[in-house]
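Visitor: I'd like to go through this structure with you, a piece at a time. Could we start with a helix contact and then move on to the metal and the backbone?

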Amino acid sequence: MDIIHGVDYYPEQWLEYPEILSDDIKMMKKAHINTVVLGVFAWDFEEPEEGIFDFSWLYDIVSKLYKNGINTIIATPSGARPAWLAKKYPEVLRVREDRTKNLYGMRMNHCYTSPIYRDKVRIIDDKIASVFYSHPAVIGWHISNEYHGECHCELCQEAFREYLKSKYGSIDCLNNAWWSSFWSKKYTSWSQIESPSSIGERALSGLELDWKRFVTFQTRDFMKMEVETVRKYGTDKFIASNMIGSLIEIDYPHFSDILDIAGLDVYPQWGRDDNVPDEAGFQHDVTRGFKRKPYFLMETTPSMTNWEEVCQPKRPGIHMLSAIQAIAHGSDSFIMFQWRKPLGGFEKFHGAVVSHDGCDDSRVFLEVSETGAILEKLSEIQGSEVKPDVAILFDWENRWAIKASKGPRGSIDPDQRAFDIYRILASQGIDVDVISSDFSIDQYKVVIAPLLYMVKAKTAENIKDFVRKGGVFIATCFSGVVDEYEKCFLGGAPGPISDVLGIKSKELFTLYCNESNRVDSPVFSNSCKCTFWCDILKLHGAEAFGVYRDDFFSGSPAITVNSYGMGKAWYIGTDLEYEGLEKLITHIIKESDVKQSLLNLPLGVRVHRRSRDSFDYLFCLNFNNYAVSISIPDAIDFESGVNVTGNIELKPYGYSILKLIR
Ligand code: GLA
Ligand code: ZN
């Protein structure tokens, strides 16, 4: 199969402009578009009145595209509903957390519980699948659009109570889990329970957590209904959905199992600063982590967005580089939002392959078409895997719990901590899986858990088992503090991972913004500054690998390492400055026999590896606006087929794909 080079296409906006529709097909061929996504927001065209369906216009377009060699991915339209539906059945609209009911408007504005909405979606999905499943152009289904958000209507409240009943069985059990003996919060009947609200309960973190779990559960259930509806017609077409990486509250890793392919929508602010390539890379790796399989990049702009404060178009070369970056991380597609700029509406200024001038000689068009021509040559890489030696545990429930918890130090940002570690690894050419703490970890050499505040029982077992068998585990401060109900461990932190880490945390000493301490360790040439907080530790078998220099706990351990079974477990008890953290992580990685795709990468260069059979494909990406030279092993230049070795040059925003025989 080819790598998908696709666009989100909205022909329904142009049905009265037949010449535009035929120009579109000609121009798509010129731009090397091999697939379009159709129907994402077309419900009002597909069912203009309740029960009256019209797919003829869509069928006609799908067929015309197909005759021109372009495949289709058909979307279910549940992301935005027609006005008639919302007006006739107001229950389909969301209620906000402050209990105000939304009016008809915008999109994604629907209740995932409403039986009427589910019914209407099921009916339209079924019609779509029945009309299109046998069309040879249709290669897959695109389920809805960026599932997210929550609804607090009475139907959702009732469903939440049912969810809690089946989770806890008895109200006593729930009270116990939520520690509701505090502030007279004991519930005596299920009917007293309400979702968290700014005009109601915000002080029970158990409630907050279970509400978020319920929202994921209900959203997943809704998606499952959509998936089953289209799946009924056959299993020969893939089912994918566009998700938003880690930017959304929904615990995507826990519902992507119902999809064949996980999807990513990503809109990096290219050019903003040096972190952007890694921010994008992180989202790619988060998405690959949902199924630990190749995934689809389902939306990105060919040029600019329209919703940032500064919507800067991509500079020359960035578009191609961003496409190669996607493939490098394990995507088998590069789909752009959107094909043509609409004349009106919210997204008329959003980047598109074709602008309002309708020309095919714009810089954007030419770069898109050049990118498409290159992607056509990469079909051999499609389906190959990314198999990192290192995983970062990045767990939605843990992130929710940290955010829901009051104290012990404001502005704790688990995402930033995970990203810092990710950046350190990325800058050294180390591929990483970013995964939920519920996933198995046996296949890695090193597992890093930044701020793993919540340690679930199974996670603790996995970690111990992993280290016992020879793995290297790294935890940072504020780990092992609470269980899955967000209750602190009796016996203190780091709870069930104390023995594997060989330490106990005696006191968490937080620092004001104008305060800092220093850590002395053999790994820092001098010492390393630390801020934010200092875990005061007692060794229970571990050795100190770094000690605090100042304050009343001067000389006490700040970094520890414990031998456990055949492996080692590290604990970093404070927030080390980036350079120090980098030195420490580099030291640990060096000891651990982790694959580094290339050594001594220049700043701004990233390298990723995909593998198949006895081949590795090495993607060398230069995010600098100047040329750099990198040193490579014996390889074949994938595009030219020529043997290369020694030093090669990467052009400004350039790349090179190398094929290595293992
Ligand atoms: C999201 C949506 C698209 C579009 C883009 C614009 O990802 O899914 O429909 O609105 O944003 O950036
Ligand atoms: Zn609802």
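**A walk through the model**

Guide: In this predicted model, Cys156, Ala159, Phe160, Tyr163, Leu164, Lys167 and Tyr168 of helix 6 are in contact with Leu207, Asp210, Trp211, Arg213, Phe214, Phe217 and Gln218 of helix 8.

Visitor: What classes of residue make up that contact of helix 6 with helix 8?

Guide: Sorted by class, the contact of helix 6 with helix 8 has ten nonpolar residues, three charged ones and one polar one.

Visitor: And at what angle do helix 6 and helix 8 pack?

Guide: Helix 6 and helix 8, the latter spanning residues 205-231, pack at about 105°, and their axes are 10 Å apart. Because angles of 65 to 115 degrees count as roughly perpendicular, helix 6 and helix 8 are placed in that class.

Visitor: Now the metal: which residues are the protein donors of the zinc ion (ligand 2)?

Guide: The zinc ion (ligand 2) has Cys111, Cys151, Cys153 and Cys156 as its protein donors, each through SG, lying 2.3 Å from the ion. Along the sequence, these donor residues follow the spacing C-x39-C-x1-C-x2-C.

Visitor: Why is the arrangement around the zinc ion (ligand 2) called tetrahedral?

Guide: The four donor atoms subtend angles of 100 to 116° around the zinc ion (ligand 2), and therefore the arrangement is tetrahedral.

Visitor: Is cysteine 111 buried or exposed?

Guide: Cysteine 111 is buried, at 0% relative accessibility, and cysteine 156 is also buried, with a relative accessible area of 4%.

Visitor: Changing topic, which residues does a cis peptide bond with omega of about 15° join?

Guide: That cis peptide bond joins phenylalanine 337 and glutamine 338, and glutamine 338 is in the loop between strand 8 (331-336) and helix 11 (363-376). The peptide bond from glycine 407 to proline 408 is cis as well, with omega near 5°, and proline 408 lies in the loop between helix 12 (396-404) and helix 13 (414-426).

Visitor: What about phi of phenylalanine 532?

Guide: Phenylalanine 532 is a residue other than glycine with a positive phi, near 80°; its place is in strand 15 (residues 527-539), and it is buried, with a relative accessible area of 14%.

Visitor: And where is asparagine 600?

Guide: Asparagine 600 sits in the loop between helix 16 (578-591) and strand 20 (605-612). Its phi is also positive, near 50°, and asparagine 600 is exposed, with a relative accessible area of 78%.

Technical notes
Residues numbered from 1 in each chain as written. Chains lettered and ligands numbered in written order. Predicted model: local features only at pLDDT ≥ 70, side-chain atom pairs only at ≥ 80, totals over all residues. Heavy atoms only, no water. Donors = N, O, S within 2.8 Å, 3.2 Å for Na, K, Ca; no water. Tetrahedral: all angles 85-135°; square planar, octahedral: opposite > 155°, others 65-115°. Buried < 20%, exposed > 50% of the residue type's maximum accessible area, 1.4 Å probe, protein only. Axes fitted to C-alpha atoms, helices over the stretch in contact; angles between N-to-C directions. Helix = DSSP H or I, 4+ residues; strand = E, 2+ residues; numbered from the N terminus. Parallel < 35°, antiparallel > 145°, perpendicular 65-115°, else oblique. Contact = heavy atoms within 4.5 Å. Nonpolar A, V, L, I, M, F, W, Y, C, P; charged D, E, K, R; others polar.
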